[in-house]
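The following paragraphs lead through the architecture of a single protein chain. Please keep the sequence and the three-dimensional view side by side while reading.

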Amino acid sequence: MTTNVKQRPRLAAATDTKWFVLAEDTPSPISSASTHTNHVQCITWSLNNKFVATGGLDGKIVVSSMDTSSTIPIIDEGEKKPIHTLAFAKSTGILAYGSGQGTISMFDVGAKRVVKTINGFNAAIMSLGFDKGSEQLVFGDRLGNVGLYSEFEETTSHLQRGPSAAVCQICFANEKRNLAAAALEDGMVNVYDTARSGHVNKFKHHSSQGSL
């Protein structure tokens, strides 16, 4: 599991219970930590590259500072409530994370508290993604639902209704802010136009779970 940092030759990766940061010109990790007691499931950078957030099968979310090497434990709900997905907003210090009960929490890293909770569709949240302006959040769940939350309207709507294969990854296009893509466990990749009520293009690229 890896994630790239924009405008910097650095890569964050996770294996087992440990995460680490690699630089393009350095063969050894320039930063690393073991902040989980069970496998890390997701890892993401903040927009300013100052924080790395990780979520694991141990039910923990930890935000680590690249400047001070300190850690901020956000939640610790135990292994019965694993964390499968995290996403930093593109323009703010908000970290979104999904629960096994189908809710999404918005955590303000600066204030160190949850500032908003969004209701999904009563299934475990498996993937999250903000648009470029952090005005829209797309999410996918274990039952194949794909949802769209509008920050401006404070509403949640369906882009795809389950049941179908679980939505393992989801993201917005970098430039065309209304286009979102979702990879499903059955190998299907769907593209949604959020400005056209979820108009869908479907692609069968893989025989099993795909990634974006």
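Strands are DSSP runs of E with at least two residues, helices are runs of H or I with at least four, and both are numbered from the N terminus. By this definition the chain, a predicted model, has zero helices and 20 strands. Of its 212 residues, 48% are buried. Among contacts with a separation of 6 or more, 33% join residues 24 or more positions apart.

The description turns next to the sheets. Strands of a sheet pair through backbone hydrogen bonds, either parallel or antiparallel.

Gly-98 stands opposite Ile-104 in S11. On to the next pair: strand S11 (residues 103–108) and S12 also run antiparallel, joined by six bridges. Here Met-106 has Lys-116 in S12 as its bridge partner. The hairpin formed by S11 and S12 has four residues between the strands, and in it Lys-112 adopts a positive phi near 60°.

A further open sheet is built from four strands in the order S13-S14-S15-S16, again with antiparallel pairing. Strand S13 (125–130) and strand S16 (155–160) are its edge strands, each pairing on one side only. Neighbouring strands of this sheet are turned by 25° against each other on average, if direction is ignored. Five bridges hold the antiparallel pair of S14 and strand S15 (residues 146–150), and Gln-136 has Ser-150 in S15 as its bridge partner.

Empty space can be considered next. Rolling a probe the size of a water molecule over the atoms shows where empty space is left. The second largest pocket holds about 180 Å³ of space. Which residues lie nearest the centre of this pocket? They are Ile-94, Met-106, Phe-130, Ser-134 and Glu-151, out of a lining of 15 residues. Strand S12 (113–119) and strand S14 (136–141) are the elements that give two or more residues to this lining.

Is Ser-64 buried or exposed? Ser-64, which lies in strand S7 (residues 60–65), has a relative accessible area of 2% and is therefore buried, the cut-off being under 20%. Leaving aside residues up to four places away in sequence, Ser-64 touches Trp-19, Thr-35, Lys-50, Phe-51, Val-52, Ser-70 and Thr-71.

Lys-176, by contrast, is placed in the loop between strand S17 (167–172) and strand S18 (179–184). With a relative accessible area of 57%, Lys-176 counts as exposed, because the limit for that class is over 50%. Lys-176 and Asp-193 are 17 residues apart in sequence, and their C-alpha atoms are 9.6 Å apart in space.

Conventions
Residues are numbered from 1 along each chain as its sequence is written. This is a predicted model: local features need pLDDT of at least 70, side-chain atom pairs count only at pLDDT 80 or more; totals for chains, interfaces and linings use all residues. Side-chain values use heavy atoms; hydrogens and water are left out. On a 1 Å grid over the protein atoms alone, a cavity is a set of points where a 1.4 Å probe fits but cannot get out, and a pocket is an open set with protein on both sides within 12 Å along at least five of seven lines; lining residues have an atom within 4 Å of a point. Grid points are joined across faces, edges and corners, and a volume is the space filled by probe spheres set on the points. Two strands pair if DSSP finds at least two bridges between them. Buried means under 20% relative accessible area, exposed over 50%, partly exposed in between (1.4 Å probe, protein chains only). Contact means heavy atoms within 4.5 Å. Axes are lines fitted to C-alpha atoms, for helices over the stretch in contact, and angles run from 0 to 180 degrees between N-to-C directions.
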